[in-house]
Amino acid sequence: YAPQVGVDPYILPVIFGMLRITPARVRSTSFTFALITRRSRYRGGTRYFSRGIDETGHVSNYNETEQIIILNDATGGLTGFASDQSFNRSKADSSRRDLQVMSFVQTRGSVPVFWAEVNNLRYTPRLQVRSPEIAVNAARKHFAEQIRIYGENYLVNLVNQKGREERVKRAYEQLVRILITSPTESSETDTPITEEKLRTLDPEEKKQSMDRLHYIYFDFHNETKGLQWHRAQLLLDRLADGLAQAQYFRGVETPGDPNGQLDVRTKQTGVVRTNCMDCLDRTNVVQSMLGRWAITRQLIDVGVLRPGES
């Protein structure tokens, strides 16, 4: 991975996805905000036509989304961080000038079992879900890679618990029961709205790598019915401990450092992997909620926001 002087000028780095970098402001603090979504080159496709997992462990519509805050970005001509509450109070003056980079990563991807929607002339295609036992080897490959890259995996499932999506939900949960050691389950009801508001599956103890999987089901449609998006806070509350433990990336670059390298202060050690049926609308709402949570926590940690503000 070292620089190759003779070759580098001929290499064009590309990503399959999107990138946006924009100036932003919170209170009187300006900063640079970047959003990068890297889409897997495997198994891309439109809804209905690409679903589930394949034998090699690749799932449909897999994306890694990274949001980045850059404070004190002098090259961008922005005023940067100038709060009186510095992250490191013992070095308050220098922290206002130090370039700080904070990053938070999320993933999304199709439910990792063998399932498909057979296209015909009907508005809603016929759903086929194979036994989760058949997908165990493929799912192990998928999650082994996810754990190697991200650490702890919090699997948020937003499909419906009734109707045509119920079989996808049950298959996912059965798969997780097979993969983790001595699964412990808990569920919450919300009578008369829903029979199952939340369900969690966790390993009783960590004996193997798959025990870094934590499954959380949230009945999104029933809980947020009538555009009550604030009800998704119930899911965030359940994820709070895991998010706090996983943290986020933070690096600081000291002015005048000829190497321009970041001093890494914290690393993100876990990821939330979200899915609904299409990995679209419901997933977008939850990922946006998690993104706002991360930005709020980061800006509180560096003193731009006070505790309790958002």
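Me: Which residue in E4 does Ile70 stand opposite?
Reply: Keep in mind that this is a predicted model. Strands E3 and E4 pair in the antiparallel sense, over nine bridges. Looking across to E4, the residue that stands opposite Ile70 is Val101.

Me: Which residue of E3 is the bridge partner of Ala34?
Reply: Let's turn to strand E2, residues 29–39, which runs antiparallel to E3. Eight bridges join E2 to E3. In E3, the partner of Ala34 is Ile68.

Me: Is E3 largely enclosed by the rest of the structure or largely exposed, and how many of its nine residues are buried?
Reply: A residue counts as buried when its relative accessible area is under 20%. E3 is largely enclosed by the rest of the structure, because the buried residues among its nine number eight.

Me: Which strand at residues 270–275 do the buried residues of H6 pack against?
Reply: Helix H6 covers residues 281–301 and reaches 30 Å from its first C-alpha to its last. Its buried residues include Val286, Met289 and Leu290. They pack against several elements, among them E1, E3, E4 and, at 270–275, strand E13.

Me: How many disulfides does the structure hold, and how far is the sulfur of Cys279 from the closest cysteine sulfur?
Reply: The structure holds zero disulfides. Cys276 is in none, and its nearest cysteine sulfur is that of Cys279. Cys276 counts as buried at 2% relative accessibility, and Cys279 does at 4%. A disulfide needs sulfur atoms within 2.5 Å, and the sulfur of Cys279 is too far from that of Cys276 for a bond, at 5.7 Å.

How values were computed:
Residues numbered from 1 in each chain as written. Predicted model: local features only at pLDDT ≥ 70, side-chain atom pairs only at ≥ 80, totals over all residues. Heavy atoms only, no water. Helix = DSSP H or I, 4+ residues; strand = E, 2+ residues; numbered from the N terminus. Expected span 1.5 Å × (residues − 1). Buried < 20%, exposed > 50% of the residue type's maximum accessible area, 1.4 Å probe, protein only. Contact = heavy atoms within 4.5 Å. Pairing = 2+ DSSP bridges.
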